[in-house]
Protein chains: 2
Amino acid sequence: MNPDISRERGNASFDLEILTNILDGGAEKTRRRREIESLVIRDPDFQHEDLNFLSRSERYDAAVKKSAQMIVKLREYGISDPEEIYSYKSVVKGLHHEPFGLHYAMFLPTINSQTTAEQHRKWIPLAELCQVLGTYAQTELGHGTHIRGLETTATYDPSTQEFVLNSPTISSIKWWPGGLGKTSNHAIVLAQLYTQGKCFGLHAFITPIRCMKTHVPLPGVVVGDIGPKFGFDEVDNGYLKLENVRIPRDNMLMKYAKVEPDGTYVKPPSDKLTYGTMVFIRSMIVGESARALSKSCTIAIRYSAVRHQSELRPGEPEPQILDYQTQQYKLFPLLATAYAFHFVGQYMSKTYHRISGDINQGDFSGLPELHALSAGLKAFTTWAANAGIEVCRMACGGHGYSRCSSLPDIYVTFTPTCTYEGENTVMMLQTARYLVKSYKQVRAGQHLTGIVSYLNEPQSRIQPQSVSSRPTVVNINDLVSLVEAYKLRAAKFVEMAAKSLQMELQHSKSNEDAWNNTSIDLVRASDAHCHYVVVKLFASKLSEIGDTAIHSVLSTLALLYALHGVQQNSGDFLQTGQISVPQLAQISQRLKGLLSELRPNAVSLVDAFDYRDEMLNSSLGRYDGNVYEHMFEWAKRSPLNRTEVHESYHKYLKPLQSKL
Amino acid sequence: MNPDISRERGNASFDLEILTNILDGGAEKTRRRREIESLVIRDPDFQHEDLNFLSRSERYDAAVKKSAQMIVKLREYGISDPEEIYSYKSVVKGLHHEPFGLHYAMFLPTINSQTTAEQHRKWIPLAELCQVLGTYAQTELGHGTHIRGLETTATYDPSTQEFVLNSPTISSIKWWPGGLGKTSNHAIVLAQLYTQGKCFGLHAFITPIRCMKTHVPLPGVVVGDIGPKFGFDEVDNGYLKLENVRIPRDNMLMKYAKVEPDGTYVKPPSDKLTYGTMVFIRSMIVGESARALSKSCTIAIRYSAVRHQSELRPGEPEPQILDYQTQQYKLFPLLATAYAFHFVGQYMSKTYHRISGDINQGDFSGLPELHALSAGLKAFTTWAANAGIEVCRMACGGHGYSRCSSLPDIYVTFTPTCTYEGENTVMMLQTARYLVKSYKQVRAGQHLTGIVSYLNEPQSRIQPQSVSSRPTVVNINDLVSLVEAYKLRAAKFVEMAAKSLQMELQHSKSNEDAWNNTSIDLVRASDAHCHYVVVKLFASKLSEIGDTAIHSVLSTLALLYALHGVQQNSGDFLQTGQISVPQLAQISQRLKGLLSELRPNAVSLVDAFDYRDEMLNSSLGRYDGNVYEHMFEWAKRSPLNRTEVHESYHKYLKPLQSKL
């Protein structure tokens with residue numbers, strides 16, 4: 001054990017295990033999580049060479065192997081609770097993804113929820129036994145977030161009772177679905193349904209793409225891997241071009257809409273049926289933001305405790321880089337953010353389950369708010385975590401660039417969350433739509449409930465005015481007062497966006513033009529709203545915490561999160577009159593004070609996330625702090641070191657030397 | 001040619017070629033640059049498979065091949081002007097780096113400038129004929145920016161007239177030098193010199209590491225590749241552990257300091273001798289920031305002109321995504337930044353040459369300012385470009401994640417500039433040291449000249465005060481007025497940091513503690529200073545431009561750059577009283593207006609950077625806009641598509657299906 005990091009651990013002011021239990025949601029959950037992690041970590045079948053040393057094809061190969069083993073082992077161990085499956089999988093996957101991801105995350109759930117009883121009986125056993133390996137093919141080369149624009153066609157032929165699937169243009173080629181390139185033998189294809197000469201919009205079709213015996217692509221199916229990406233080397237994101245591919249009528253998912261044998265189209269009873277899954281995945285992504293950021297903070301903070309550099313005081317040894325104020329200023333606000341997002345993730349998961357319960361009881365009233373919240377928070381947290389990972393990486397100096405730090409892997413694995421499951425700017429605008437609608441309801445005399453209820457309050461309709469003419473409202477040492485300031489900022493920005501939209505409507509050709517011409521303001525309003533929600537949820541989490549020492553350190557983190565946000569957005573708070581100019585200097589001083597207060601607890605606060613070395617897979621973030629020894633051992637295994645003299649020497653260097 | 005992008009080009013309000021000439025620094029420079037580019041692009045010896053499809057070892061192999069060919073061809077063509085060599089090399093390298101980089105950038109220049117005449121006669125021909133392939137080994141596993149902390153030792157043994165080199169600890173292993181792992185047979189090793197029982201600090205030693213005949217590592221030399229990184233796959237960044245490696249006394253670079261045969265140490269006449277190279281490289285990096293960002297903008301803006309998505313107006317076709325206000329708000333300020341940095345890069349290069357001239361005449365007076373400027377601007381521009389590349393990538397939706405977009409490559413190749421040649425935060429603090437010193441000189445009654453002369457002005461010593469009590473000074477439509485606002489902000493922040501430092505000195509144990517406790521403020525001051533310099537240089541570039549149409553469009557870009565910066569840092573400008581709260585709304589409106597004004601010129605403004613398709617290597621950024629066709633062709637060549645059925649099917653999937 002590195003002595004610096006041991007000493008850090010001696011400085012903690014709180015009981016680590018209690019904090020870990022809070023993060024897990026209870027001591028029993030911590031115990032079971034660790035048990036599951038050990039199952040994987042001890043399992044020799046999951047040991048393999050560092051993926052960074054392999055070619056893309058080898059990485060894919062290793063991932064397929066792991067996925068296949070995982071399925072067998074989950075059955076063997078009888079792990080069936082969805083949360084436990086999730087835990088087990090995330091340990092197996094480590095920092096990477098798996099080619100079977102969509103088989104379990106999209107193919108099976110869609111079959112489950114959108115098939116008739118008969119279809120269910122046919123497909124579920126095939127999918128569970130992996131005879132059918134499926135993916136979900138929605139996105140096309142030319143069409144992403146706006147799914148109504150998809151071009152793939154499924155034309156019903158009553159003479160054979162088949163659908164004929166086609167990719168009529170190059171932009172209609174299915175593009176991106178995970179597991180589509182090489183792994184899957186079936187895909188649920190989203191296509192425009194044509195029958196009796198009319199288009200009935202998007203529907204889903206189970207489409208065989210590879211022979212179930214030989215795995216060779218079927219006639220008319222042009223399928224393959226879309227090529228290397230920024231990360232996701234293990235996943236065969238694929239393309240699929242359909243050329244008059246015929247599938248039986250029964251392969252259309254017909255729980256709701258139907259096509260009868262003669263080609264008659266039967267409408268679905270409602271069109272809000274897949275709303276829930278989307279909301280669920282976005283809610284989960286909030287938790288992913290917390291995890292990606294807490295892993296990055298663990299690596300950067302542990303490394304900063306071990307790394308020494310420069311002279312702080314002449315003649316004294318080089319200090320730990322964690323003692324530099326600029327380093328603390330980079331890392332501690334991110335640590336606070338990781339905790340904030342963790343608690344927001346817990347809230348989202350709880351809220352999702354509560355509202356799902358209501359929906360099962362027939363009460364859909366909570367869905368619009370959850371939809372708006374999950375869209376905005378997905379964008380807000382992924383953007384913040386995405387930038388934060390890179391700050392952590394660069395805070396590790398040169399070594400942060402090495403793959404042995406794992407920080408590059410964390411980044412490339414995480415960054416797609418900003419785009420998939422709804423592009424972030426589009427998500428922010430969806431939330432804005434809800435906020436503007438709520439604002440209008442208040443103006444029309446309605447009383448709002450739930451998270452937007454702050455729009456009811458009259459102080460939200462103040463005019464922008466100069467700072468000094470208003471009394472200072474915020475107490476910079478009081479979290480409750482800061483929550484209030486964030487609330488007023490959000491209220492103000494929602495109002496400003498709504499008014500700006502109204503003004504645009506007077507000049508614009510259409511509602512859509514007015515919306516577009518206000519969209520910068522609308523995104524700002526959503527951002528301010530989400531920021532308020534995060535600060536508020538962090539503050540209310542504190543009230544649940546009984547342990548004094550932990551309450552104290554989490555309060556410091558929450559205050560840091562809130563005050564740092566005020567400083568970073570000081571123009572907003574000055575503009576809306578929540579803070580005064582002299583307070584800015586006080587905030588700067590207070591922030592420096594908070595950094596110093598957190599310094600002794602920094603390593604323990606990342607230890608509390610409880611990531612085992614096998615899960616971080618980072619030389620810099622090792623629990624024992626033996627960074628350099630481990631880096632050297634790792635480097636020796638680099639593929640370029642397999643030979644003492646690389647073949648390129650004989651091929652190019654030797655001839656060059658004789659040529660010149 | 002894609003019709004959308006053709007139409008865009010028809011909308012330009014200015015003559016493209018004239019703007020390209022301005023960017024190149026004259027029509028003749030444009031002509032010669034294109035000539036050199038064609039030499040490479042037409043050369044069949046430089047054609048190769050997309051590096052993204054190769055393994056790391058194959059990528060290294062391809063890069064060595066290219067580097068070797070490049071050396072031969074440069075001689076063949078007789079290209080010897082350093083700027084032309086730079087042009088030629090950058091086309092050959094494309095978006096990547098080369099294993100020989102340090103041989104030319106560090107090894108040869110160091111030999112040139114730090115050897116005695118006799119050493120020069122021996123080593124230069126060997127290096128020029130590539131018999132000696134060298135690198136520059138400074139950074140160690142445990143020591144980066146703070147080079148005095150390096151631990152490698154060179155102990156003089158008068159009995160054999162040799163130095164004995166050692167890596168006494170694990171943290172002293174040389175780590176990171178490019179070309180060290182596999183390519184080089186010599187390294188200039190920076191080591192602590194010991195002779196006659198005393199340490200005389202860091203000196204440089206030419207150290208043979210591999211046999212010049214067989215390329216096998218020499219006895220006592222443990223050398224290899226440090227393993228995969230975030231990018232730089234083509235470069236064998238290496239490690240070097242020295243175990244009693246003996247080199248002749250003559251291998252110490254002895255132009256300045258010397259060790260006599262009996263071991264007597266002779267001091268160098270001055271210790272500022274390598275100052276210049278560092279300043280030069282940092283100045284060059286400012287230009288790299290401009291290039292990386294302008295390439296990214298070219299890709300994202302062309303793609304946004306071709307990509308259609310969603311409905312703006314019901315019933316109408318999906319609009320180009322460049323018509324979305326949020327998309328313009330992401331990309332156009334970055335486009336303006338790319339132009340700003342380009343002109344700053346030109347200024348830095350000119351200033352460097354001017355001051356180098358002075359130094360050659362014995363006048364060192366300009367060096368401190370250039371040093372401070374190059375350090376701060378290196379940090380300011382690389383941070384901005386680094387974040388900007390990622391904004392461009394994410395503005396391309398999912399396809400930005402594909403390696404065929406080139407955006408991931410641009411990012412991973414560029415991001416190390418934030419860390420190498422001086423870690424950015426350390427750079428900002430170096431600039432701050434100069435600013436604080438200048439501030440103190442003014443307070444002591446001195447009159448400053450040069451770029452910090454604004455610190456002379458009395459208005460820079462106003463107190464922070466409330467916004468409304470001061471008259472509004474800025475005219476948001478006037479660039480000159482905005483330059484003034486940036487200047488006052490910088491002056492204010494320098495003063496605040498200096499005062500904060502003074503206050504800390506009263507409480508702190510030492511100057512170093514006080515400095516550390518003020519470092520957040522100091523970095524802010526540097527940042528404000530650099531931002532001012534960039535706005536100012538952009539504004540003064542405009543005065544050189546005679547063509548009315550180009551003057552007009554560049555003025556719009558400059559105003560966008562300046563106003564966007566005010567908006568992003570509105571708290572600063574409110575705090576220092578440069579803008580009022582009501583002006584914030586006006587700025588928002590004006591920014592929207594500027595986005596609309598730039599919209600018709602956007603594609604032409606990126607065309608003017610004049611990157612040929614072969615240099616961008618991006619399916620999304622193609623000149624002809626035929627994005628999807630090209631992506632499909634590229635994907636088909638993906639390594640995973642070499643077989644129809646991947647071997648993992650037979651190894652894992654088939655067995656899994658029979659097992660369940």
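Residues are classed here as buried when their relative accessible area is under 20%, as exposed when it is over 50%, and as partly exposed in between, with a 1.4 Å probe and protein chains only. The model is a predicted one, in which local features need pLDDT of at least 70 and side-chain atom pairs count only at pLDDT 80 or more, whereas totals for chains, interfaces and linings use all residues. Residues are numbered from 1 along each chain as its sequence is written, chains are lettered from A and ligands numbered from 1 in the order in which they are written, and side-chain values use heavy atoms, with hydrogens and water left out.

Helices (H or I, at least four residues) and strands (E, at least two) are taken as DSSP runs numbered from the N terminus, and by this assignment chain A has 22 helices and 11 strands. For its 660 residues a compact globule would have a radius of gyration near 26 Å, and the 27 Å of chain A agrees with this; the radius is taken over C-alpha atoms, and the globule rule is 2.2 Å times the number of residues to the power 0.38. The C-alpha trace of chain A spans about 85 × 80 × 65 Å along its principal axes, and 61% of the 660 residues count as buried. With contact defined as heavy atoms within 4.5 Å, 73% of the contacts in chain A between residues at least 6 apart in sequence join residues at least 24 apart. Chain A exposes about 24,200 Å², of which carbon and sulfur atoms supply 53%, the areas being computed by the Shrake-Rupley method with a 1.4 Å probe.

Within chain A, Gln328(A) lies in helix H9 (residues 325-360) and counts as buried because its relative accessibility is 7%. When neighbours within four places in sequence are left aside, Gln328(A) is in contact with Leu322(A), Asp323(A), Pro333(A), Leu595(A), Ser596(A) and Arg599(A). Ser402(A), 74 residues from Gln328(A) in sequence, is 22 Å from it in space, C-alpha to C-alpha.

Two strands are regarded as paired if DSSP finds at least two bridges between them. S7(A) pairs with strand S8 (residues 238-242) of chain A over 5 bridges in the antiparallel sense, and Val222(A) has Lys241(A) in S8(A) as its bridge partner.

In chain B, 3 strands likewise form an open antiparallel sheet in the order S4-S8-S7, with S4 (174-175) and S7 (221-225) as the edge strands, each pairing on one side only. Antiparallel S7(B) and S8 (residues 238-242) of chain B are joined by 5 bridges, and Val221(B) stands opposite Leu242(B) in S8(B).

Strand S2 (residues 153-157) of chain B has 4 of its 5 residues buried, so it is largely enclosed by the rest of the structure. S2(B) pairs with strand S3 (residues 162-166) of chain B in the antiparallel sense over 5 bridges, and with strand S5 (residues 186-195) of chain B in parallel over 3 bridges. Thr155(B) stands opposite Val164(B) in S3(B) and opposite Tyr194(B) in S5(B). The hairpin of S2(B) and S3(B) has 4 residues between the strands, and in this hairpin Gln161(B) takes a positive phi near 55°.
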